[in-house]
Amino acid sequence: MTFGEQPAYLRVAGDLRKKIVNGSLPPHTRLPSQARIREEYGVSDTVALEARKVLMAEGLVEGRSGSGTYVRERPVPRRIARSGYRPESGATPFRQEQADVQTRGTWESGSEQAEASVAVAERLGINAGDRVMCTRYVFREAGEAMMLSTSWEPLAVTGRTPVMLPEEGPLGGMGVVERMRAIDVIVDNMTEEVGARPGLAEELLALGGVPGHVVLVVQRTYYASGRPVETADVVIPADRYRVAYHLPVR
């Protein structure tokens, strides 16, 4: 192989990918067998197998037990809107963020006290092992899981207050800004960092994905006078959703 030349398995995967994208291999069509790929492209069994693995890792095909490998349906990505704007009406962040696309989202949640990991402690400006309230969410649109979120709040801030449990009490579900204001903690800044990575097995199971699927991860932190008061990881399936930001211009 000369310098700059693609390995054989990538060339085979590239040609099969092109057929999937242009419709020559439509959704639910069985992918050519390993023997057929070997014969058609003049490659070894190993190359044919690796090409199939590439397409599976990209989420273009899926294996069906005892049946073979099939082209997956390619969903049209929908939008998840995120905005720095919050109305005075007290709408929850999730409801407000979905208002632009006229959806009716629902969510399930559960909270438990935990010890901050090294990574979470660094984000919250506390010591590893300090007590935090950890809340896990599954957000749904029309019954379909669209987003996961895990948030952490230092109990040094919220412990023994009416807002200690984010989804319970008089301000349950009202969002970080409103809840913190109720205990005289004024949130004045928020940061979000967006990245991508392969989904963890438990994430893909909850989101209806397959091994190898990529997820978007929004790492969000709320601050009050420079002090982090909540941080969260928001996980979104990258093949089905796009994150759209609407930011005020000052």
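A: The crossing of H1 and H3 is right-handed. A crossing counts as right-handed if the near helix is turned clockwise from the far one by less than a right angle, and as left-handed if anticlockwise. This is a predicted model: local features need pLDDT of at least 70, side-chain atom pairs count only at pLDDT 80 or more, and totals for chains, interfaces and linings use all residues. Residues are numbered from 1 along each chain as its sequence is written, and side-chain values use heavy atoms, with hydrogens and water left out.

First, the geometry of the helix pair. Helix H1 covers residues 8-22 and helix H3 residues 45-57. Their axes lie 8 Å apart, at an angle of about 50 degrees. Axes are lines fitted to C-alpha atoms, for helices over the stretch in contact; angles run from 0 to 180 degrees between N-to-C directions. H1 and H3 are therefore oblique to each other. In these terms, angles under 35 degrees are roughly parallel, over 145 roughly antiparallel, 65 to 115 roughly perpendicular, and the rest oblique.

Next, the residues that touch. H1 brings Ala 8, Tyr 9, Leu 10, Val 12, Ala 13, Leu 16, Arg 17 and Ile 20 to the contact. H3 answers with Val 47, Glu 50, Ala 51, Val 54 and Leu 55. Contact means heavy atoms within 4.5 Å.

Now the chain around this pair. Its secondary structure comes to eight helices and ten strands. Helices (H or I, at least four residues) and strands (E, at least two) are DSSP runs, numbered from the N terminus. Of the 250 residues, 40% are buried, meaning under 20% relative accessible area with a 1.4 Å probe, counting protein chains only; over 50% is exposed, and in between is partly exposed. Take the contacts between residues at least 6 apart in sequence: 55% of them join residues at least 24 apart.

Then the sheet. Six strands form an open sheet, in the order S4-S5-S6-S9-S8-S7, with antiparallel pairing. Strands S4 (105-115) and S7 (189-198) are the edges, each pairing on one side only. From one strand to the next, the twist averages 15 degrees. Two strands pair if DSSP finds at least two bridges between them.

S4 and S5 run antiparallel and are joined by eleven bridges. Thr 135 stands opposite Ser 151 in S6, and Val 138 has Leu 148 of S6 as its bridge partner. The S5 and S6 hairpin has two residues between the strands, and Ala 142 there takes a positive phi near 55 degrees. S5 is mostly covered, with eight of its eleven residues buried.

S7 and S8 pair in the antiparallel sense over ten bridges. Ala 196 has Leu 216 of S8 as its partner. S8 (214-224) is mostly covered as well: eight of its eleven residues are buried. S8 also pairs with S9 (227-237), antiparallel, over ten bridges. There, Val 215 is bridged to Pro 237 in S9. The S8 and S9 hairpin has two residues between the strands, and Ser 225 takes a positive phi near 55 degrees.
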